[in-house]
Amino acid sequence: MNERNIIYAMLYRQLRRYFRAKSRVLGTIINPLMFFLFLGMGFSASMRGISAAIGVDYLAFLAPGIAVMTTFTASFIGGISVIWDREFGFLKEVLVAPASRTYAILGRALGDSVTSVLQTFLIMILIYAIVPSLKVGGMLFALGTCFITSLMFNSLGIAIASKMRSPEGFQLIANVLIFPLIFLSGAFYPIENLPAVVKPIFYINPLTYSVDLTRYFMVGISSLPVHLDLTVLLLLTAIFTFLSARTFNRTTLD
Amino acid sequence: MSAISVRNLVKKFGSLTAVDGISFDVEKGEIFGFLGPNGAGKTTTINILVTLMRPTSGEAYVAGYNVVEEPVKVRERIGIVFQDPSVDRNLTGWENLYIHGLVYGLRGEELRRRVEESLEFAELTKFKDVEVKNYSGGMIRRLEIARGLMHKPEILFLDEPTIGLDPQTRAKIWEYVEKLRDEEGVTVFLTTHYIEEAERLCDRVAIIDHGRIVAMGSPDELKQGIGKDVIYVRVGDNSSAARLLEGLNKGMLVSYKELNGVLALSVSNASKAIPTVFEVASRMGIRIEEIKYTQPSLSDVFLHYTGREMRDEEADWREVIRMRHRMR
Ligand SMILES: Nc1ncnc2c1ncn2[C@@H]1O[C@H](COP(=O)(O)OP(=O)(O)OP(=O)(O)O)[C@@H](O)[C@H]1O
Ligand SMILES: [Mg+2]
């Protein structure tokens, strides 16, 4: 019974905090939107060949990439709040509570994922308005995929952040990881035609599977078998969630 | 069964021994205080007792449960106010309490009622929808104490509950804590480096220094333990001081010391001895420039056991304090 309480408590907290910081909501949308507009319009206008090679309009191709990018950045960075909680003391309030830490961290990841997906949803509305060829029916499934992606990377973020002592350290790791992961995920260009030597890099990047599955739902094309995408995502989400719960369970003030 | 029972507790951080083999018991329903200077190991001890740190060695039981083996059982029975704020600054007072209640298993009407009660207790009802980052230090402290009590713990830990607060707020918090003990029977373990707080509030005090308990007992016991009142007499120069000392009946002095024209006389009852001192001085024609007496305070107790001062005395008297120490 208490498990439900702690999950709800942490979910409630993350949502409250999120909606109180309205400027942040706006800020996190602007970045991916600029990517979409400048990258998308630039490429589709100047390189008509791209669209022909992919088989769909480049803007449509890029749309799921931007959606996943939004989710990924928001959720991974969300992990940093664990460090802020340590700095501002709230972490102790959670650590000393009799409730299960596993469920506490799960509630937190759920909360962060809900906000990440909300953000993605806002982006998607804009994107769907700009690119009418996207499948409206697939939007819900695409958001579902983004939700799993968010759980996965938020948990990873929490696991890393729990080991860090300073927000700057985490920021550094985030900066080093975020852009390569996005660029090497097939968010911006199809992975089929890449040279065989670089392909493995894409295959070990979890984001590749998120982008591919989201693209399947939003556009109707995919580079990999859909069931493979789903299996990899669910498996990695389970692993990262387990990791974050384990690190959090072991957290002390030493 | 004691509320808290600690045996040979040690905590090391690398080569630093923050807690150095302490043992003590806290009885149910008492206010027990750790009095000690910065870095004495007070917070470290609390962190171990509330299950947030593992001891290097030794054992600690809180509410009958071993803090290392059954941390969740311990957590269910305690409330804590940490030394540094641990509220979510971006949430309102109401939200902080609401989340706390949820985490401690409250729900529905009961939860909402307790939140309101706690707000009232902390006298923050008017500010319940204000983000905590806009609260004053005193308001945050009251919110945290109310939060620590919201789930009705058996044992309440207060780490420097009134640090940095104004005297009014401090007095109010003392009242709260006493009320808790008297009306709810809550056991309170607190740390402080304010002498006044320990004297006024604690049923028993352990004086802690460098990770060790140097003395323990009720404030009265501790003060009696180190002896008597001290009278300081300033007579100007060493020779008059020596002459005055000659004239005084040695039987009334427990011990004495003189330095730079100041006599420090340790007596069993200062109010009776002072008139005698005046009498003798005027008989011998010695002019007394200044006279002052102190009953031992916990600060003297600290000095007695550690050889150092807990806080700065007036500069004038610093010397005599040091002298008094040497006298023993
Ligand atoms: N996590 C830690 N890692 C390393 N050293 C620590 C840690 N926590 C405390 N210490 C050290 O242990 C000693 C005792 O610290 P502690 O915080 O227990 O003192 P305190 O009595 O609470 O003092 P204060 O009045 O400053 O709060 C100090 O020297 C402190 O620097
Ligand atoms: Mg401390």
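Let's start at B:Asn38: an N or O atom in its side chain sits 3.0 Å from an oxygen atom of ligand 1. I'm calling that a polar contact, meaning a pair of N or O atoms within 3.5 Å; within protein, one must be able to donate a hydrogen and the other to accept it, and residues adjacent in sequence count only if both atoms are side-chain atoms. On its own, ligand 1 exposes 640 Å², and the protein buries 65% of that (Shrake-Rupley method, 1.4 Å probe).

A quick word on the model: it is predicted, so to speak of local features we need pLDDT of at least 70, and side-chain atom pairs count only at 80 or more, while totals for chains, interfaces and linings use all residues. Residues are numbered from 1 along each chain as written, chains are lettered from A and ligands numbered from 1 in written order, and side-chain values use heavy atoms, without hydrogens and water.

Now, where does ligand 1 lie? Between chains A and B. Its shell has 14 residues, with B:Lys42 and B:Thr43 among the closest (a heavy atom within 4 Å). α1(B) gives the most, three residues; helices here are DSSP runs of H or I, at least four residues, and strands are E, at least two.

Lastly, over in helix α11 of chain B, we find B:Thr306. A polar atom of the B:Thr306 side chain lies 2.7 Å from the backbone oxygen of B:Phe302.
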